[in-house]
Amino acid sequence: MESLVNKYVKRTSPTSLVIGKGFVPNMNVPGKVFANSTLEKLLLDEASEIASGSTGSFIPSLAQVANVAALPGIVGESIAMPDVHSGYGFAIGNVAAFDMDNPSSIVSPGGVGFDINCGVRMLRTNLKEEDVRPVQEQLAQNLFDHVPVGVGSKSLIGARTYSDIDQILNYGIDWALREGYAWPEDKELCEEQGRIVKADANHVSQKAKGRGMSQLGTLGAGNHYAEVQVVDEVFDATSAAVLGLEKGTVCMMIHSGSRGLGHQIASETVTKMESLQEQMGIQVNDRQLVCARIQSKEGEEYLSAMNAAANFAYANRSIMTFLARQAFAKTFNATPDDLDMNLVYDVSHNIAKEEMHLLNGEVRRLLVHRKGATRAFGPFHPLIPTAYQTIGQPALVGGTMGTASYVLLGTDEGMKTAFGSTCHGAGRALSRSKSRAMIDSMDVAERLREANVSARVASSHLLAEEAPQSYKDVFEVVQTCEEAKLSRAAVRMKPVAVAKG
DNA sequence: ATGTAC
(Lines give C-alpha, C1' and ligand atoms only; values in the text may rest on other atoms or scores of the structure.)
Protein backbone atom coordinates (compact mmCIF):
# COMPACT_ATOMS: atom_id res chain seq x y z
CA MET A 1 0.00 0.00 0.00
CA GLU A 2 2.75 2.45 0.92
CA SER A 3 4.63 2.18 -2.38
CA LEU A 4 1.33 2.46 -4.29
CA VAL A 5 0.55 5.63 -2.34
CA ASN A 6 3.98 7.07 -3.23
CA LYS A 7 3.47 6.22 -6.89
CA TYR A 8 -0.14 7.31 -7.45
CA VAL A 9 -1.16 9.80 -4.75
CA LYS A 10 0.17 13.28 -5.52
CA ARG A 11 -0.38 16.65 -3.92
CA THR A 12 -1.81 19.08 -6.49
CA SER A 13 -2.43 22.10 -4.24
CA PRO A 14 -2.13 23.01 -0.53
CA THR A 15 -5.66 21.61 -0.10
CA SER A 16 -5.93 18.73 -2.56
CA LEU A 17 -4.43 15.37 -3.51
CA VAL A 18 -5.09 13.44 -6.68
CA ILE A 19 -5.31 9.64 -6.79
CA GLY A 20 -4.08 8.69 -10.25
CA LYS A 21 -5.55 5.91 -12.37
CA GLY A 22 -3.76 2.67 -11.58
CA PHE A 23 -3.90 2.99 -7.78
CA VAL A 24 -6.61 0.32 -7.94
CA PRO A 25 -7.74 -1.58 -11.09
CA ASN A 26 -10.31 -0.28 -13.59
CA MET A 27 -10.46 3.38 -12.52
CA ASN A 28 -12.62 5.33 -14.99
CA VAL A 29 -11.72 8.71 -13.51
CA PRO A 30 -9.10 9.91 -11.02
CA GLY A 31 -9.79 10.34 -7.33
CA LYS A 32 -9.48 13.67 -5.57
CA VAL A 33 -9.09 14.22 -1.84
CA PHE A 34 -9.47 17.63 -0.28
CA ALA A 35 -6.95 17.60 2.57
CA ASN A 36 -4.33 19.90 3.99
CA SER A 37 -1.01 18.46 5.21
CA THR A 38 -2.37 17.70 8.72
CA LEU A 39 -5.37 15.76 7.37
CA GLU A 40 -3.20 14.06 4.73
CA LYS A 41 -1.05 12.61 7.50
CA LEU A 42 -4.12 10.99 9.10
CA LEU A 43 -5.05 9.39 5.76
CA LEU A 44 -1.54 8.07 5.17
CA ASP A 45 -1.34 6.73 8.73
CA GLU A 46 -4.61 4.92 8.12
CA ALA A 47 -3.30 3.47 4.84
CA SER A 48 0.00 2.28 6.38
CA GLU A 49 -1.79 0.74 9.35
CA ILE A 50 -3.64 -1.49 6.87
CA ALA A 51 -0.34 -2.46 5.27
CA SER A 52 0.77 -3.82 8.65
CA GLY A 53 -2.11 -6.26 8.35
CA SER A 54 -3.70 -5.84 11.77
CA THR A 55 -7.13 -4.71 10.70
CA GLY A 56 -8.77 -7.58 8.84
CA SER A 57 -10.96 -6.67 5.88
CA PHE A 58 -10.91 -2.93 6.63
CA ILE A 59 -10.11 -0.87 3.49
CA PRO A 60 -8.50 2.55 4.00
CA SER A 61 -10.43 5.54 2.70
CA LEU A 62 -7.88 6.36 -0.05
CA ALA A 63 -8.47 2.92 -1.59
CA GLN A 64 -12.23 3.24 -1.10
CA VAL A 65 -12.29 6.56 -2.96
CA ALA A 66 -10.28 4.93 -5.77
CA ASN A 67 -12.58 1.89 -5.90
CA VAL A 68 -15.55 4.23 -6.34
CA ALA A 69 -13.69 5.82 -9.29
CA ALA A 70 -13.87 2.37 -10.93
CA LEU A 71 -17.69 2.18 -10.84
CA PRO A 72 -19.54 2.30 -14.19
CA GLY A 73 -20.79 5.71 -15.36
CA ILE A 74 -18.90 7.87 -12.85
CA VAL A 75 -18.03 11.34 -14.18
CA GLY A 76 -15.52 13.99 -13.13
CA GLU A 77 -13.64 12.57 -10.15
CA SER A 78 -14.37 10.42 -7.13
CA ILE A 79 -14.14 13.17 -4.54
CA ALA A 80 -13.34 12.99 -0.83
CA MET A 81 -14.12 15.78 1.60
CA PRO A 82 -11.52 16.73 4.27
CA ASP A 83 -13.45 14.78 6.95
CA VAL A 84 -13.25 11.53 4.95
CA HIS A 85 -12.90 8.20 6.77
CA SER A 86 -13.48 4.58 5.95
CA GLY A 87 -17.08 3.38 5.57
CA TYR A 88 -19.17 0.59 4.05
CA GLY A 89 -18.01 0.42 0.40
CA PHE A 90 -17.82 4.15 -0.19
CA ALA A 91 -15.80 6.18 2.30
CA ILE A 92 -17.77 8.49 4.57
CA GLY A 93 -17.08 11.89 3.02
CA ASN A 94 -17.14 10.55 -0.56
CA VAL A 95 -18.98 12.45 -3.32
CA ALA A 96 -19.52 10.61 -6.61
CA ALA A 97 -21.67 11.63 -9.59
CA PHE A 98 -23.00 9.28 -12.27
CA ASP A 99 -24.36 10.32 -15.68
CA MET A 100 -28.08 9.50 -15.60
CA ASP A 101 -28.23 9.43 -19.39
CA ASN A 102 -25.55 6.75 -19.61
CA PRO A 103 -27.36 3.36 -19.46
CA SER A 104 -24.43 1.70 -17.66
CA SER A 105 -24.42 4.18 -14.73
CA ILE A 106 -25.13 2.73 -11.30
CA VAL A 107 -26.63 3.61 -7.94
CA SER A 108 -25.16 2.02 -4.81
CA PRO A 109 -26.68 1.87 -1.32
CA GLY A 110 -23.13 2.03 0.06
CA GLY A 111 -22.82 5.45 -1.59
CA VAL A 112 -25.77 6.76 0.41
CA GLY A 113 -25.10 5.15 3.76
CA PHE A 114 -27.23 2.97 6.00
CA ASP A 115 -28.78 5.97 7.74
CA ILE A 116 -30.60 7.35 4.69
CA ASN A 117 -31.04 11.16 4.85
CA CYS A 118 -29.09 11.45 8.03
CA GLY A 119 -28.83 15.20 8.37
CA VAL A 120 -28.69 18.27 10.54
CA ARG A 121 -31.42 20.74 11.35
CA MET A 122 -30.65 24.06 12.99
CA LEU A 123 -33.07 26.31 14.87
CA ARG A 124 -32.43 29.75 16.22
CA THR A 125 -34.06 31.62 19.13
CA ASN A 126 -34.28 35.23 20.28
CA LEU A 127 -32.47 34.22 23.48
CA LYS A 128 -28.93 35.31 24.34
CA GLU A 129 -26.17 33.43 26.13
CA GLU A 130 -26.93 35.19 29.44
CA ASP A 131 -30.55 33.92 29.25
CA VAL A 132 -29.52 30.29 28.88
CA ARG A 133 -26.53 30.02 31.26
CA PRO A 134 -28.56 30.07 34.51
CA VAL A 135 -30.90 27.31 33.28
CA GLN A 136 -28.62 25.16 31.10
CA GLU A 137 -28.83 22.11 33.39
CA GLN A 138 -32.65 22.22 33.35
CA LEU A 139 -32.64 22.75 29.59
CA ALA A 140 -30.39 19.72 29.04
CA GLN A 141 -32.68 17.65 31.27
CA ASN A 142 -35.86 18.90 29.56
CA LEU A 143 -34.42 18.09 26.12
CA PHE A 144 -33.41 14.64 27.33
CA ASP A 145 -36.90 14.09 28.79
CA HIS A 146 -38.79 15.35 25.74
CA VAL A 147 -36.76 13.80 22.90
CA PRO A 148 -36.45 9.99 23.05
CA VAL A 149 -32.75 9.11 22.77
CA GLY A 150 -30.65 5.95 22.67
CA VAL A 151 -30.70 2.58 20.94
CA GLY A 152 -34.19 1.14 20.91
CA SER A 153 -35.88 4.31 22.18
CA LYS A 154 -39.57 4.39 21.37
CA SER A 155 -41.73 7.02 19.77
CA LEU A 156 -43.83 9.21 22.07
CA ILE A 157 -45.87 10.65 19.29
CA GLY A 158 -46.79 10.29 15.65
CA ALA A 159 -47.91 7.42 13.48
CA ARG A 160 -50.45 4.92 14.73
CA THR A 161 -51.00 2.86 11.61
CA TYR A 162 -49.29 1.59 8.44
CA SER A 163 -51.42 4.13 6.59
CA ASP A 164 -49.78 6.95 8.60
CA ILE A 165 -46.34 5.55 7.76
CA ASP A 166 -47.21 5.34 4.06
CA GLN A 167 -48.20 9.01 4.08
CA ILE A 168 -45.00 9.97 5.93
CA LEU A 169 -42.94 8.04 3.36
CA ASN A 170 -44.72 9.71 0.45
CA TYR A 171 -45.22 13.23 1.82
CA GLY A 172 -42.39 13.89 4.32
CA ILE A 173 -42.70 17.24 6.09
CA ASP A 174 -46.13 17.83 4.54
CA TRP A 175 -47.47 15.06 6.79
CA ALA A 176 -45.88 16.75 9.83
CA LEU A 177 -47.41 20.09 8.79
CA ARG A 178 -50.85 18.59 8.39
CA GLU A 179 -50.64 16.95 11.81
CA GLY A 180 -49.50 20.18 13.46
CA TYR A 181 -45.94 19.11 14.34
CA ALA A 182 -44.26 21.58 11.97
CA TRP A 183 -44.64 25.30 11.31
CA PRO A 184 -45.59 26.31 7.75
CA GLU A 185 -42.42 28.42 7.43
CA ASP A 186 -40.22 25.38 8.33
CA LYS A 187 -40.84 23.82 4.93
CA GLU A 188 -39.10 26.37 2.71
CA LEU A 189 -35.99 26.15 4.91
CA CYS A 190 -35.41 22.43 4.34
CA GLU A 191 -33.38 21.03 1.47
CA GLU A 192 -35.96 19.67 -1.05
CA GLN A 193 -38.59 21.61 0.96
CA GLY A 194 -38.71 18.61 3.28
CA ARG A 195 -40.35 16.34 0.72
CA ILE A 196 -38.88 14.39 -2.16
CA VAL A 197 -41.55 13.81 -4.77
CA LYS A 198 -40.06 10.70 -6.39
CA ALA A 199 -40.73 8.54 -3.33
CA ASP A 200 -42.86 5.41 -3.25
CA ALA A 201 -43.98 3.74 -0.04
CA ASN A 202 -44.88 0.66 -2.09
CA HIS A 203 -41.16 -0.06 -2.45
CA VAL A 204 -40.60 -0.08 1.32
CA SER A 205 -41.05 -3.42 3.08
CA GLN A 206 -43.54 -3.99 5.89
CA LYS A 207 -40.61 -4.79 8.15
CA ALA A 208 -39.00 -1.40 7.49
CA LYS A 209 -42.35 0.34 8.03
CA GLY A 210 -42.81 -1.51 11.32
CA ARG A 211 -39.42 -0.30 12.58
CA GLY A 212 -40.32 3.24 11.48
CA MET A 213 -43.66 3.15 13.26
CA SER A 214 -42.13 2.76 16.70
CA GLN A 215 -39.22 5.14 16.01
CA LEU A 216 -40.88 8.21 14.52
CA GLY A 217 -39.67 11.26 16.44
CA THR A 218 -36.68 9.54 18.08
CA LEU A 219 -33.07 10.65 17.97
CA GLY A 220 -31.15 7.37 17.93
CA ALA A 221 -27.61 6.83 19.21
CA GLY A 222 -23.98 7.07 18.12
CA ASN A 223 -23.10 10.52 16.90
CA HIS A 224 -26.73 11.66 16.81
CA TYR A 225 -27.58 14.46 19.21
CA ALA A 226 -29.75 17.43 20.09
CA GLU A 227 -27.52 20.31 21.16
CA VAL A 228 -28.10 23.84 22.40
CA GLN A 229 -25.41 26.19 21.16
CA VAL A 230 -24.37 29.84 21.32
CA VAL A 231 -22.92 31.73 18.36
CA ASP A 232 -19.41 32.60 19.53
CA GLU A 233 -17.79 33.86 16.36
CA VAL A 234 -19.17 35.67 13.33
CA PHE A 235 -16.96 35.42 10.23
CA ASP A 236 -19.28 37.28 7.89
CA ALA A 237 -21.70 39.72 9.54
CA THR A 238 -23.81 40.28 6.42
CA SER A 239 -24.44 36.56 5.88
CA ALA A 240 -24.98 35.99 9.60
CA ALA A 241 -27.66 38.70 9.59
CA VAL A 242 -29.40 36.99 6.67
CA LEU A 243 -29.34 33.74 8.70
CA GLY A 244 -30.79 35.61 11.72
CA LEU A 245 -27.68 34.94 13.80
CA GLU A 246 -25.37 37.24 15.74
CA LYS A 247 -22.73 36.78 18.42
CA GLY A 248 -24.42 35.42 21.55
CA THR A 249 -27.54 34.06 19.78
CA VAL A 250 -28.81 30.82 21.35
CA CYS A 251 -29.57 28.19 18.73
CA MET A 252 -29.87 24.42 18.52
CA MET A 253 -28.90 21.57 16.23
CA ILE A 254 -30.66 18.25 15.78
CA HIS A 255 -28.54 15.55 14.11
CA SER A 256 -30.51 12.42 13.19
CA GLY A 257 -31.83 10.49 10.21
CA SER A 258 -34.25 7.75 9.21
CA ARG A 259 -33.45 5.39 12.14
CA GLY A 260 -34.16 1.68 11.76
CA LEU A 261 -36.43 2.30 8.77
CA GLY A 262 -33.60 3.58 6.56
CA HIS A 263 -31.25 0.92 7.91
CA GLN A 264 -33.74 -1.80 7.04
CA ILE A 265 -34.13 -0.51 3.47
CA ALA A 266 -30.34 -0.31 3.04
CA SER A 267 -29.77 -3.84 4.39
CA GLU A 268 -32.51 -5.37 2.27
CA THR A 269 -31.23 -3.58 -0.84
CA VAL A 270 -27.65 -4.75 -0.26
CA THR A 271 -28.85 -8.35 0.08
CA LYS A 272 -31.05 -8.14 -3.00
CA MET A 273 -28.43 -6.44 -5.18
CA GLU A 274 -25.72 -8.88 -4.02
CA SER A 275 -27.79 -11.81 -5.23
CA LEU A 276 -28.29 -10.14 -8.63
CA GLN A 277 -24.81 -8.66 -9.06
CA GLU A 278 -23.45 -11.46 -11.22
CA GLN A 279 -26.43 -11.72 -13.55
CA MET A 280 -26.49 -7.94 -13.94
CA GLY A 281 -22.87 -8.20 -15.14
CA ILE A 282 -21.46 -5.33 -13.10
CA GLN A 283 -17.81 -5.61 -11.99
CA VAL A 284 -16.83 -3.88 -8.74
CA ASN A 285 -13.51 -3.81 -6.88
CA ASP A 286 -15.05 -4.43 -3.46
CA ARG A 287 -18.10 -6.55 -2.55
CA GLN A 288 -19.40 -3.68 -0.43
CA LEU A 289 -19.76 -1.54 -3.58
CA VAL A 290 -22.75 -3.65 -4.57
CA CYS A 291 -24.96 -1.64 -6.92
CA ALA A 292 -27.54 -1.69 -9.73
CA ARG A 293 -27.91 0.29 -12.92
CA ILE A 294 -29.89 3.47 -12.33
CA GLN A 295 -32.12 2.57 -15.27
CA SER A 296 -32.86 -0.97 -14.00
CA LYS A 297 -35.91 -2.06 -12.00
CA GLU A 298 -33.73 -2.67 -8.93
CA GLY A 299 -32.04 0.73 -9.30
CA GLU A 300 -35.34 2.57 -9.67
CA GLU A 301 -36.92 0.70 -6.76
CA TYR A 302 -33.99 1.47 -4.48
CA LEU A 303 -34.12 5.17 -5.40
CA SER A 304 -37.85 5.42 -4.68
CA ALA A 305 -37.40 3.57 -1.35
CA MET A 306 -34.38 5.76 -0.53
CA ASN A 307 -36.46 8.88 -1.23
CA ALA A 308 -39.26 7.49 0.96
CA ALA A 309 -36.75 6.99 3.79
CA ALA A 310 -35.55 10.56 3.19
CA ASN A 311 -39.14 11.76 3.66
CA PHE A 312 -39.35 9.74 6.89
CA ALA A 313 -36.19 11.50 8.10
CA TYR A 314 -37.72 14.91 7.34
CA ALA A 315 -40.81 13.96 9.37
CA ASN A 316 -38.56 12.56 12.12
CA ARG A 317 -36.53 15.78 12.43
CA SER A 318 -39.79 17.77 12.29
CA ILE A 319 -41.28 15.89 15.23
CA MET A 320 -38.07 16.26 17.23
CA THR A 321 -38.19 19.97 16.44
CA PHE A 322 -41.71 20.01 17.89
CA LEU A 323 -40.43 18.23 21.01
CA ALA A 324 -37.39 20.52 21.33
CA ARG A 325 -39.63 23.59 20.99
CA GLN A 326 -41.70 22.19 23.87
CA ALA A 327 -38.56 21.64 25.96
CA PHE A 328 -37.52 25.27 25.45
CA ALA A 329 -41.06 26.48 26.19
CA LYS A 330 -41.07 24.57 29.47
CA THR A 331 -37.61 25.82 30.47
CA PHE A 332 -38.29 29.48 29.69
CA ASN A 333 -42.00 29.53 30.55
CA ALA A 334 -42.82 30.97 27.12
CA THR A 335 -44.27 29.68 23.86
CA PRO A 336 -41.93 28.50 21.06
CA ASP A 337 -43.46 31.33 19.04
CA ASP A 338 -42.47 33.90 21.69
CA LEU A 339 -38.93 32.51 21.50
CA ASP A 340 -38.83 32.90 17.67
CA MET A 341 -37.71 29.27 17.32
CA ASN A 342 -37.49 29.38 13.53
CA LEU A 343 -35.50 27.07 11.33
CA VAL A 344 -32.16 28.29 10.05
CA TYR A 345 -31.97 25.32 7.66
CA ASP A 346 -32.19 21.51 7.39
CA VAL A 347 -29.57 19.58 5.39
CA SER A 348 -29.02 16.00 4.35
CA HIS A 349 -25.54 14.45 4.37
CA ASN A 350 -26.43 10.87 3.36
CA ILE A 351 -28.32 10.74 0.09
CA ALA A 352 -28.13 10.41 -3.70
CA LYS A 353 -29.84 13.14 -5.71
CA GLU A 354 -30.72 13.81 -9.31
CA GLU A 355 -29.14 17.18 -10.15
CA MET A 356 -28.14 19.23 -13.20
CA HIS A 357 -24.46 20.17 -13.31
CA LEU A 358 -22.15 21.87 -15.78
CA LEU A 359 -19.47 19.38 -16.79
CA ASN A 360 -16.86 20.23 -19.44
CA GLY A 361 -19.08 23.03 -20.71
CA GLU A 362 -22.21 20.88 -21.00
CA VAL A 363 -25.26 20.65 -18.75
CA ARG A 364 -25.59 17.03 -17.61
CA ARG A 365 -28.20 15.19 -15.58
CA LEU A 366 -26.31 13.45 -12.78
CA LEU A 367 -27.06 11.21 -9.84
CA VAL A 368 -24.85 12.70 -7.12
CA HIS A 369 -24.10 10.37 -4.21
CA ARG A 370 -23.17 12.33 -1.09
CA LYS A 371 -22.25 10.07 1.80
CA GLY A 372 -21.07 12.02 4.80
CA ALA A 373 -20.96 15.11 2.61
CA THR A 374 -23.29 18.11 2.48
CA ARG A 375 -24.78 19.78 -0.54
CA ALA A 376 -23.62 23.40 -0.67
CA PHE A 377 -24.90 25.07 -3.83
CA GLY A 378 -23.53 28.52 -4.68
CA PRO A 379 -25.45 31.81 -4.53
CA PHE A 380 -28.48 32.23 -6.82
CA HIS A 381 -28.88 28.51 -7.48
CA PRO A 382 -32.62 27.93 -8.12
CA LEU A 383 -32.87 25.26 -5.40
CA ILE A 384 -31.75 27.59 -2.58
CA PRO A 385 -34.50 29.22 -0.44
CA THR A 386 -35.42 32.75 -1.53
CA ALA A 387 -34.09 34.21 1.73
CA TYR A 388 -30.63 32.73 1.12
CA GLN A 389 -30.27 33.43 -2.62
CA THR A 390 -27.55 36.04 -2.09
CA ILE A 391 -25.44 34.09 0.41
CA GLY A 392 -25.47 30.53 -0.95
CA GLN A 393 -26.86 27.29 0.52
CA PRO A 394 -26.14 26.87 4.24
CA ALA A 395 -24.22 23.70 5.15
CA LEU A 396 -24.62 22.77 8.80
CA VAL A 397 -21.48 21.17 10.21
CA GLY A 398 -21.64 19.55 13.62
CA GLY A 399 -18.51 19.26 15.68
CA THR A 400 -18.07 16.67 18.41
CA MET A 401 -19.11 16.78 22.04
CA GLY A 402 -17.70 19.91 23.63
CA THR A 403 -16.29 21.33 20.40
CA ALA A 404 -17.47 23.94 17.90
CA SER A 405 -20.05 23.63 15.12
CA TYR A 406 -20.25 25.80 12.01
CA VAL A 407 -22.63 27.23 9.46
CA LEU A 408 -20.83 27.17 6.11
CA LEU A 409 -22.11 28.61 2.84
CA GLY A 410 -21.89 27.18 -0.68
CA THR A 411 -19.76 28.82 -3.36
CA ASP A 412 -19.57 29.05 -7.17
CA GLU A 413 -16.12 27.42 -7.02
CA GLY A 414 -17.54 24.39 -5.15
CA MET A 415 -20.11 23.95 -7.93
CA LYS A 416 -17.19 23.45 -10.36
CA THR A 417 -14.85 21.37 -8.22
CA ALA A 418 -17.15 19.20 -6.06
CA PHE A 419 -20.63 19.15 -7.62
CA GLY A 420 -21.65 21.78 -5.04
CA SER A 421 -20.56 19.86 -1.94
CA THR A 422 -18.69 20.44 1.29
CA CYS A 423 -17.84 18.58 4.50
CA HIS A 424 -20.37 17.27 7.05
CA GLY A 425 -18.49 17.15 10.35
CA ALA A 426 -15.21 16.41 11.99
CA GLY A 427 -14.92 12.83 10.72
CA ARG A 428 -13.83 9.94 12.90
CA ALA A 429 -10.12 9.49 13.53
CA LEU A 430 -10.43 6.40 15.79
CA SER A 431 -12.79 3.44 15.45
CA ARG A 432 -15.46 3.02 18.12
CA SER A 433 -13.69 -0.01 19.58
CA LYS A 434 -10.36 1.81 19.70
CA SER A 435 -12.01 4.79 21.37
CA ARG A 436 -13.51 2.58 24.06
CA ALA A 437 -10.12 0.98 24.69
CA MET A 438 -8.12 4.20 24.76
CA ILE A 439 -10.41 6.81 26.31
CA ASP A 440 -11.86 7.02 29.83
CA SER A 441 -15.52 8.15 29.90
CA MET A 442 -15.04 9.84 33.28
CA ASP A 443 -12.27 11.93 31.77
CA VAL A 444 -14.55 13.00 28.91
CA ALA A 445 -17.31 13.94 31.38
CA GLU A 446 -14.81 16.02 33.35
CA ARG A 447 -13.69 17.85 30.22
CA LEU A 448 -17.32 18.63 29.33
CA ARG A 449 -17.82 20.12 32.79
CA GLU A 450 -14.67 22.21 32.35
CA ALA A 451 -16.03 23.47 29.03
CA ASN A 452 -19.28 24.41 30.83
CA VAL A 453 -21.37 21.99 28.74
CA SER A 454 -24.42 20.34 30.37
CA ALA A 455 -24.71 16.82 28.97
CA ARG A 456 -27.31 14.06 29.31
CA VAL A 457 -26.23 10.76 27.75
CA ALA A 458 -28.30 7.57 27.62
CA SER A 459 -25.34 5.17 27.74
CA SER A 460 -21.97 5.81 29.39
CA HIS A 461 -19.68 4.08 26.85
CA LEU A 462 -20.90 6.65 24.33
CA LEU A 463 -18.84 9.34 26.04
CA ALA A 464 -15.61 7.59 25.02
CA GLU A 465 -16.82 6.69 21.53
CA GLU A 466 -17.90 10.25 20.88
CA ALA A 467 -15.04 12.02 22.67
CA PRO A 468 -13.38 14.84 20.72
CA GLN A 469 -10.14 12.78 20.68
CA SER A 470 -12.00 10.14 18.62
CA TYR A 471 -12.49 12.69 15.85
CA LYS A 472 -10.41 14.85 13.58
CA ASP A 473 -10.12 18.53 14.43
CA VAL A 474 -13.24 20.13 12.93
CA PHE A 475 -11.29 23.39 12.57
CA GLU A 476 -8.80 21.74 10.17
CA VAL A 477 -11.71 20.32 8.18
CA VAL A 478 -13.60 23.62 7.92
CA GLN A 479 -10.38 25.53 7.20
CA THR A 480 -9.53 23.15 4.34
CA CYS A 481 -13.02 23.58 2.85
CA GLU A 482 -12.57 27.34 3.06
CA GLU A 483 -9.08 27.36 1.51
CA ALA A 484 -10.24 25.02 -1.26
CA LYS A 485 -13.23 27.39 -1.77
CA LEU A 486 -15.75 24.53 -1.40
CA SER A 487 -17.56 26.70 1.14
CA ARG A 488 -16.96 29.70 3.35
CA ALA A 489 -17.66 29.99 7.05
CA ALA A 490 -20.48 32.28 8.21
CA VAL A 491 -20.56 31.62 11.97
CA ARG A 492 -19.18 29.28 14.62
CA MET A 493 -21.17 27.98 17.58
CA LYS A 494 -20.04 26.60 20.94
CA PRO A 495 -22.07 23.94 22.79
CA VAL A 496 -23.99 24.70 25.97
CA ALA A 497 -26.28 21.69 26.54
CA VAL A 498 -26.49 18.35 24.76
CA ALA A 499 -28.72 15.25 24.82
CA LYS A 500 -27.33 12.10 23.19
CA GLY A 501 -28.06 8.40 22.77
C1' DA B 1 -25.54 4.25 11.74
C1' DT B 2 -28.24 -0.34 13.57
C1' DG B 3 -33.88 -4.22 17.92
C1' DT B 4 -24.69 -3.78 16.85
C1' DA B 5 -25.66 -11.61 14.19
C1' DC B 6 -28.38 -15.91 10.10
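Where is Phe-380 found? Phe-380 sits in the loop between strand 14 (374-375) and strand 15 (394-397). Helices here are DSSP runs of H or I of at least four residues, strands are runs of E of at least two, and both are numbered from the N terminus.

Some ground rules before I go on. This is a predicted model, in which local features need pLDDT of at least 70 and side-chain atom pairs count only at pLDDT 80 or more, while totals for chains, interfaces and linings use all residues. Residues are numbered from 1 along each chain as its sequence is written, chains are lettered from A and ligands numbered from 1 in the order in which they are written, and side-chain values use heavy atoms, leaving out hydrogens and water.

Now the whole chain. Chain A has 16 helices and 19 strands. For 501 residues, a compact globule would have a radius of gyration near 23 Å, and chain A agrees with that at 21 Å. That radius is taken over C-alpha atoms, and the globule rule is 2.2 Å times the number of residues to the power 0.38. Of the 501 residues, 62% count as buried. Buried means under 20% relative accessible area, exposed means over 50%, and partly exposed lies in between, with a 1.4 Å probe and protein chains only.

Next, helix 11, residues 297-332. Helix 11 is mostly covered, with 31 of its 36 residues buried. After it comes Asn-333, with a positive phi near 50 degrees.

On that subject, most residues other than glycine have a negative phi. Phe-380 has a positive phi of about 70 degrees, and Phe-419 has one of about 50 degrees. Phe-419 lies in the loop between helix 12 (412-418) and strand 17 (421-422). Why does Phe-380 count as exposed? Because its relative accessibility is 56%. Phe-419 counts as buried because its value is 6%.

Last, His-424, in the loop between strand 17 and helix 13 (432-438). UniProt, in an unreviewed entry, places the feature "active site" there. UniProt positions follow the numbering used here, feature names are shortened, and annotations may be inferred rather than shown by experiment. His-424 is buried, with a relative accessible area of 12%. Leaving aside residues up to four places away in sequence, His-424 touches several others, among them Asp-83, His-349 and Leu-396; contact means heavy atoms within 4.5 Å.
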